[in-house]
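Student: I am new to this structure and would like to understand the terms used to describe it. Could you set each one against its definition as we proceed?

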Amino acid sequence: MERISLTDDVALSRLVYGMWRLGDDADTSPNHVRDKIAACLDQGITTMDQADIYGGYEAEAVLGRALTPEIRNRIEIVTKCDIVAPAGRHAGALVKHYDTSRGHIEASVDASLRLMGIDHIDLLLVHRPDPFMDHHETGETLDDLVAAGKVRAVGASNFRPWDWELLQSGMKTPLVTNQIKISLLHHVPFTNGDVAFHQKNAQPLMAWSPLGGGTLFDHAQAGLRMKLAEVGARHGVDEAAVAIAWLLAHPARILPVLGTNNLDRIRAISDAVKVDLGRETWFDLYTEALGHEVA
């Protein structure tokens, strides 16, 4: 499995296991969670993607109960902060909002460390752009967390280029990645400047919902599914693997984040690396997704 270096001491596996549904499984026992992690590790997938809000602020604890020192030493943990929703420990919130204040970020990081039973977070992402953000306060807080060793690297999620530049202007620590929505069904980042901005700055992107939240396999996408199946048949993989390979083929070095609770599907995540898409095949799939040929 290819690895992508974000800093001198933080590298992620090219494919990332997303844990946003971890708490939704009928079986959240430590042994079952360990089976999922083991299935990832068997493929070289070492990066686990979390967020404080996942599972109503409970998914980090589900992971924490499964972690052993041996497992922790073999994985990288990504988590996120700043969304406050009226659930779990924030049940008293009057309205869903974003909080990038020092107090909230520090409390969120401390809670994440405690719930997962770890002494540092490998990569902390600011989950959503905060229209009320004081970038000096937020940036200084993130710098301090890195300096304290609680966080090894910092990035963002769902940021547009201007959000990124604003936060970075208040920081000494470089932001290293932006996790955004990218897929065959949400391909606008390739043309709206998002991918170009980070590609220019050599900042690898993480892609959430790389299969369109499952809608890629709806009947409405019959034409695209047919093309994916044709490519998959040539490589001995399924349609999902080809859709992920489409992201992997791009020179921006995109890291797809894939989340499923099905062990068989977890074991098949790395099938995507078996597919080598050429330019014309990439554009054939892109054209079908667009619904028309490029200009």
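**Terms and the values behind them**

Student: Why is F283 called partly exposed?

Tutor: F283 has a relative accessibility of 31%. Buried means under 20% relative accessible area, exposed means over 50%, and partly exposed is in between, with a 1.4 Å probe and protein chains only. F283, at 31%, is therefore partly exposed.

Student: On what kind of model do such values rest?

Tutor: This is a predicted model, in which local features need pLDDT of at least 70 and side-chain atom pairs count only at pLDDT 80 or more, while totals for chains, interfaces and linings use all residues. Residues are numbered from 1 along each chain as its sequence is written, and side-chain values use heavy atoms, with hydrogens and water left out.

Student: Are W282 and Y286 buried or exposed?

Tutor: W282 has a relative accessible area of 10%, and Y286 has one of 8%. Both values are under the 20% limit, so W282 and Y286 are buried.

Student: How many aromatic pairs are found in the whole structure?

Tutor: The search gives 7 aromatic pairs. One of them joins W282 and F283, with ring centres 5.3 Å apart and planes at 70°. Rings of Phe, Tyr and Trp (its six-membered ring) pair if their centres lie within 6.5 Å; planes under 30 degrees apart count as stacked, over 60 as edge-to-face and the rest as tilted. The distance and the angle of W282 and F283 meet these limits, so the pair is edge-to-face.

Student: What makes F283 and Y286 an edge-to-face pair?

Tutor: Their centres are 6.0 Å apart and their planes stand at 75°. F283 and Y286 both lie in helix 12 (residues 279-290), 3 residues apart, which is about one turn of the helix. Helices (H or I, at least four residues) and strands (E, at least two) are DSSP runs, numbered from the N terminus.

Student: Which residues do ring pairs link into a cluster?

Tutor: The cluster consists of F190, W246, W282, F283 and Y286.

Student: How many disulfides are there?

Tutor: A disulfide is a pair of cysteine sulfur atoms within 2.5 Å, and by this rule the count is 0. C40 has 0% relative accessibility and is buried; C81, also at 0%, is buried.

Student: In what order do the strands of the barrel follow one another?

Tutor: The barrel closes from 8 strands in the order 3-4-5-8-9-10-11-12, with parallel pairing. From one strand to the next, the twist averages 30°. Such angles run from 0 to 180 degrees between N-to-C directions, and the axes are lines fitted to C-alpha atoms, for helices over the stretch in contact.

Student: What makes a crossover right-handed?

Tutor: With the strands pointing away from the viewer, the path from the first strand over the helix to the second must run clockwise. Strand 8, helix 6 (residues 135-147) and strand 9 form a right-handed β-α-β unit. Strand 9, helix 7 and strand 10 form a right-handed unit as well. Strand 10 (residues 175-181) and strand 11 (residues 205-208) run parallel, joined by 4 bridges. The β-α-β crossover from strand 10 through helix 8 (residues 194-200) to strand 11 is likewise right-handed.

Notes:
Two strands pair if DSSP finds at least two bridges between them.
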